[in-house]
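Here is a walk through one protein chain and its ligand. Keep the 3D view open and follow along.

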Amino acid sequence: MPDGALLRLEALDAYYGRSHVLQGVSLSVESASVVALLGRNGAGKSTTLKAIMGIVAPAGGSIRFDGEAIHHLASHRIARRGIAYVPEDRGIFASLTVEEHLSLTLPRAVTRGPSSKEAIYEQFPVLAERRRHRGNELSGGEQQMLAIARALTQSPRLLILDEPTEGLAPIVIESIAGIVHSLKGAGLTMLLVEQNYPFAVGLSERVYVLGKGRVRWEGSPAALEASPEVAATWLGV
Ligand SMILES: Nc1ncnc2c1ncn2[C@@H]1O[C@H](COP(=O)(O)OP(=O)(O)OP(=O)(O)O)[C@@H](O)[C@H]1O
Ligand SMILES: [Mg+2]
């Protein structure tokens, strides 16, 4: 990979107690590209994202964002550098309305521009309709959209999504795909964890396959399509 990667993980190690969950994970995300991180349940995908966000402390290796080491920083500082993260559980508050969620993270100075509330409602018409609904009154798809919309209020340079399609109906997955495609079209750099293989492959320029804490394969989506044994061994498809 050339050296201009926006995000670069090198030989990352992480443990939960004595369990060695990431064993030398290296990957890079080039600016304005979409990278998919695939793998079975328990492969270490979410842990990789948590290490990037400073939620899990790496035991070894390095994480660089825009050339600077971030693996020693607290989560809020990592976010402030321009990385937005949508966790697997989406992190929506049951008692807050859509509007309140967006107000919480929208920088006070931003009243216009691509990350303003009105611009977000234009991009997510469903959220505009639901703006006074509380988190616990939203469907899974609406919660996922709110989680993505909230991440966008930070005008991130890198958006990290952990299984955005998990548990959603096909029609809802289609609208999430539409949003992610338009973000990609606008040049947003993304790192996407997925078990939905067609969704991930259709969006990304580069794929990493994680298995038992190690990168088992990397390449283009087309090369993955042409390697059914990789999918069979490490993805179970
Ligand atoms: N907080 C934790 N404490 C201990 N072990 C954990 C913890 N979180 C995850 N693990 C274990 O670490 C391994 C990697 O988990 P991780 O959540 O990164 O997998 P994943 O690839 O995201 O899986 P999934 O597709 O199910 O979300 C698994 O064996 C999991 O059981
Ligand atoms: Mg996970």
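The tour goes from the sheets to the helices, then to the ligand shell and some backbone details.

This is a predicted model. Start with the six-stranded sheet. This sheet is open, and its strands run in the order β6-β7-β8-β3-β9-β10. The pairing is mixed. Which strands stand at the edges? They are β6 (83-86) and β10. Each has a single partner strand, so one side of each is left without a neighbour in the sheet. Neighbouring strands here are turned by 15 degrees against each other on average, with direction ignored.

Strand β6 runs parallel to β7 (residues 158-162), and four bridges join the two. Tyr85 has Ile160 of β7 as its bridge partner. Ile83 stands opposite Leu158, also in β7. The side chains of β6 split into two sets. Ile83 and Tyr85 point one way, while Ala84 and Val86 point the other way. All four are buried. As for pairing in general, strands of a sheet pair through backbone hydrogen bonds, either parallel or antiparallel.

Now turn to the other sheet. This one is open too, with four strands in the order β2-β1-β4-β5. Its pairing is antiparallel. The edge strands are β2 and β5 (68-69), each pairing on one side only. How many bridges pair β1 with β2? There are nine, in the antiparallel sense. One of the residue pairs can be named: Ala14 has Leu22 in β2 as its bridge partner.

Helix α1 (residues 45-52) packs on the six-stranded sheet, where it touches β3 (34-38), β6, β7, β8 (189-194) and β9. Its direction makes about 150 degrees with that of β7. Helix α1 also packs on the four-stranded sheet, touching β1, β2 and β4 (60-65). There, its direction makes about 70 degrees with that of β2.

Helix α1 leads on to the ligand. Around ligand 1 there are 13 residues. Tyr16, Asn41, Lys45, Ser46 and Thr47 come nearest. Which elements give two or more residues to this shell? They are β2 (19-30) and α1. The largest share, three residues, comes from α1. By residue type, the shell divides into three nonpolar, eight polar and two charged.

Next, go to helix α10 (residues 228-235). Its buried residues are Val230, Trp234 and Leu235. The buried residues of α10 pack against β3, α8 (197-203), β9, β10 and α9 (221-225). Just after α10 comes Gly236, with a positive phi of about 65 degrees.

Positive phi also turns up in residues other than glycine. Most residues other than glycine have a negative phi. Ala11 has a positive phi of about 50 degrees. Where does Ala11 sit? Its place is in strand β1 (residues 5-16). Ala11 counts as partly exposed because it has 13 C-beta neighbours inside 10 Å. Lys212 has a positive phi as well, near 45 degrees. Its place is in the loop between β9 (206-211) and β10 (214-219). With 14 C-beta neighbours inside 10 Å, Lys212 counts as partly exposed.

Finish at Gly140. This residue lies in helix α6 (residues 140-152). Is Gly140 buried or partly exposed? It is partly exposed, with 14 other C-beta atoms within 10 Å. Leaving out residues up to four places away in sequence, Gly140 touches Gly167 and Leu168. Gly140 and Ala51 are 89 residues apart in sequence, and their C-alpha atoms are 26 Å apart in space.

Note on methods. Residues numbered from 1 in each chain as written. Chains lettered and ligands numbered in written order. Predicted model: local features only at pLDDT ≥ 70, side-chain atom pairs only at ≥ 80, totals over all residues. Buried ≥ 20, exposed ≤ 12 C-beta atoms within 10 Å, placed from the backbone. Pairing = 2+ DSSP bridges. Axes fitted to C-alpha atoms, helices over the stretch in contact; angles between N-to-C directions. Contact = placed C-beta atoms within 7 Å. Near = placed C-beta within 6 Å. Nonpolar A, V, L, I, M, F, W, Y, C, P; charged D, E, K, R; others polar.
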